[in-house]
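Let's take a friendly walk through a protein chain together. Please have a look at the sequence and the structure, and then we will go through some parts one by one.

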Amino acid sequence: MARHSAPRFSLLKQFLVAIVAIFAISTVALLIKRAPSTPCGHHSDAGVKRFEPSPSPLAFMKSKRVLLVSHDLSLSGGPLLLMELAFLLRSVGAEVCWITNQKLSETDEVIYSLENRMLHRGVQILSAKGQEAISRALKADLLVLNTVMAGEWLDDVLKENVPHVLPKVLWWIHEMQGHYFRLEYVKHLPLVAAAMTDSQATAEYWKTGTRDYLRIKMPDTYVVQQGNSKDLMEIAEDNVAKRVLREHVRESLGIRDEDLLFAMINSVLHGKGQDLFLQSFYESLQLIVQKKLRVPSMHAVIVGSDMTAQPKFESRLRDFVRLNKIQDRVHFVNKTLTVAPYLAAIDVLVQNSQAQGECFGRIIIEAMAFQLPVLGTAAGGTTEIVANGLTGLLHPTGKEGVTPLAENMVTLATNVHRRLTLGKRGYWKVKEMFLERHMAHRIAKVLKEVLQKAKSHPKL
């Protein structure tokens, strides 16, 4: 996710207008194709098969009272994933309340937009502190703490009521960094009903870290891998929509249709590895010149730019681009909630998270839905999604990975068939494992376990 000089929402409005036009045309065409062949005035259902939608695996959550507590509300993965859970629960008739423990500003544009989206879907927004928050927590059938730092809310707000709530808490952990192993965050972790992570790598990381550094034991821990939303899949499988979005984005960036576009779509942070990505991209350009290879003009885009969030780090990125005179090849686009247009526009996704890697890497399965090959670090949850050599190519973390990533870029630039084959295999893997319904089934099993534990607890 990177920053472009155009106003923040102008391009998005163009996308929305285009999508509306596309679906209007598609709908008319569909109606024409499906027009009944029976004479006017005659109606017949003979021979028509009616398919009733299968019941949601979360149907048992109807009328259940759920309180979701997020450390923050932003465009990062944790809060957005919790919002998806909120919408899944609302779709089956659960009563869902949301608390954001730390708001940077009540007038923040992102918070305002995300809260309005939740209110529109029937999610109630509560203040993090006060008697109503305590009352909702005590009355809730299920309480989900989202991210490690959400644990601070328990003592800050519930105080002496904490023991009454812990047996019905599901703690959703997304972090893979050692600085989160602090007792002030997770001292209540052993006493909650269950913990949940997005990958086996994260579950193992926390099992080992809490044991070795904090001398505490993890509760029952479940791995629930994520799934793409129906909305994203509809765009990913609509070739006309993708073509329009591709043209709009590329035109806005000054990139031709035949050019080859590599992208990172993450918040711009040191741990995400945008600096090493740019080094690899620059090295790939040098390799192409040295080996006298004939390839399309190559470009890199960083989607997720926010100079107010990490000014020093992002300034370093832009300085690198300027000093190496590749301003015409590298593009920065503002952080955005709407990633589909950029997935439609690019040719290869690069997931370059460093250290322990990504907890899961939601953008990976979104890219695979668009039949994009993925170049990722061989760390964390990425290795549970990307099959090296089948759906993408993996490289080491750190400086040791700069040259291998550059070589992988050149490989895909020079081999169109392999690039397309990796993308198609990734798409079918998404269809088999990473759809919204897959995630709903996985999380339903966890919620049933947590509700059963809460019900059997003597104090509840």
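The crossing of the two helices, α11 and α16, is right-handed. Keep in mind as you look that this is a predicted model.

Which residues of α11 meet α16? On the α11 side they are L276, F277, Q279, S280, F281, E283, S284, L287 and I288, and their partners in α16 are V402, T403, L405, A406, E407, M409 and V410. Sorted by class, the contact of α11 with α16 has 10 nonpolar, 4 polar and 2 charged residues.

Now pick out one residue from this meeting place. L287 is found in helix α11. Is L287 buried or exposed? Its relative accessibility is 15%, and a residue is buried when the value is under 20%, so L287 counts as buried. Leaving aside neighbours within four places in sequence, L287 is in contact with A406, E407 and V410.

Among contacts between residues at least 6 apart in sequence, 78% join residues at least 24 apart. The chain has 18 helices and 13 strands, and 52% of its 460 residues count as buried.

Next, turn to another helix, α4 (residues 131-139), whose buried residues are A133, I134 and A137. Looking down the axis of α4, you would see these buried residues fall within an arc of 100°, so they line one face of the helix. What do the buried residues of α4 pack against? Their partners are the strands β1 (65-70), β2 (95-100) and β4 (142-146), together with the helices α5 (152-158) and α6 (162-165). On the face of α4 turned away from its buried side, you will find the exposed residues Q131 and K139.

Our last stop is E366, which is found in helix α14 (residues 362-369). With a relative accessibility of 12%, E366 counts as buried. Not counting residues up to four places away in sequence, E366 touches N228, L232, V339 and L343.

Note on methods:
Residues are numbered from 1 along each chain as its sequence is written. This is a predicted model: local features need pLDDT of at least 70, side-chain atom pairs count only at pLDDT 80 or more; totals for chains, interfaces and linings use all residues. Side-chain values use heavy atoms; hydrogens and water are left out. Buried means under 20% relative accessible area, exposed over 50%, partly exposed in between (1.4 Å probe, protein chains only). Helices (H or I, at least four residues) and strands (E, at least two) are DSSP runs, numbered from the N terminus. The arc is that of the directions from the helix axis to the C-beta atoms. Contact means heavy atoms within 4.5 Å. A crossing is left-handed if the near helix is turned anticlockwise from the far one by less than a right angle, and right-handed if clockwise. Ala, Val, Leu, Ile, Met, Phe, Trp, Tyr, Cys and Pro count as nonpolar, Asp, Glu, Lys and Arg as charged, and the others, Gly among them, as polar.
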